[in-house]
Amino acid sequence: MGLFDSIKKSMGLGGDEGTVIKSPLTGEIVAIEEVPDAVFSEKVVGDGIAINPTGNKMVAPCDGEIGKIFETNHAFSMATPSGVELFVHFGIDTVELKGEGFKRIASEGQTVKAGDTIIEVDLDFLKANAKSVITPVVISNMDDVESLEKSSGSVSEGADDLLVVKMK
C-alpha cells in the first residue's frame, strides 16, 4: 500500500475494504441481468443490482453528495467520498408518469448520510401504473472499479449491504 492509499484509508476514502453501498429500498434483490430493460440488463449505464421494492421511500445508500435528481423524481445520482458514482432508477419507464407517485425530499448538491430519505414513493400507485417497479442500482463509473461484490436476498433500506465496491 502506497502513501496515498494510507492517507485515503485513514480518511475513510476506500482502501482494501471497499465502499459499502447499503440498500436504498426495502425489498428483494434481483440480478441486474433480470431487469426488464436492456439499458440496465445489458449494463449499458453500469453494473450493479436491482431491487423489487416493498417499501415507500428511496434513501441514500451511503454517505455522499446528491448529484442529479431527475425532474420527474424517479431517479437520482450521487457520488461517494471514495469516488463511487451511483445511479438509482425507480422502476422501468417511470419517467412516463411525469413525476406522479414520487415526492422529492432531498436536493441536488445536498450532502447526505446513508439512510437519509431522498424520494418518497407511492408504491401502490407505481405498481398499478409503471411498466415495472424493479429498481436498478448501478455503479456508473465502472472503468474506475477494481471489484464489485453483490448481495442477494431480502434487504431493508439504509440497513442492509447491497454492494461492496473496490476502486482501482
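## Close-up views of a predicted model

**View 1. Strand 5 and strand 6 lie side by side.** Strand 5 (residues 64-69) pairs with strand 6 (residues 75-79) in the antiparallel sense, over three bridges. Two strands count as paired if DSSP finds at least two bridges between them. Isoleucine 66 has methionine 78 of strand 6 as its bridge partner. This is a predicted model, where local features need pLDDT of at least 70 and side-chain atom pairs count only at pLDDT 80 or more, while totals for chains, interfaces and linings use all residues. Residues are numbered from 1 along each chain as its sequence is written, and side-chain values use heavy atoms, with hydrogens and water left out.

View 2. Follow the strand order 9-5-6-7-11-3-2-13, with antiparallel pairing. Strand 9 (111-112) and strand 13 (154-155) each have a single partner strand, so one side of each is left without a neighbour in the sheet.

**View 3. The chain as a whole.** The protein chain has three helices and 14 strands; these are DSSP runs numbered from the N terminus, with helices (H or I) of at least four residues and strands (E) of at least two. Along its principal axes, the C-alpha trace spans about 55 × 30 × 25 Å.

**View 4. Inside the protein chain.** Of the 168 residues, 46% are buried, meaning under 20% relative accessible area with a 1.4 Å probe, protein chains only. Among contacts (heavy atoms within 4.5 Å) between residues at least 6 apart in sequence, 69% join residues at least 24 apart.

Notes:
Buried < 20%, exposed > 50% of the residue type's maximum accessible area, 1.4 Å probe, protein only.
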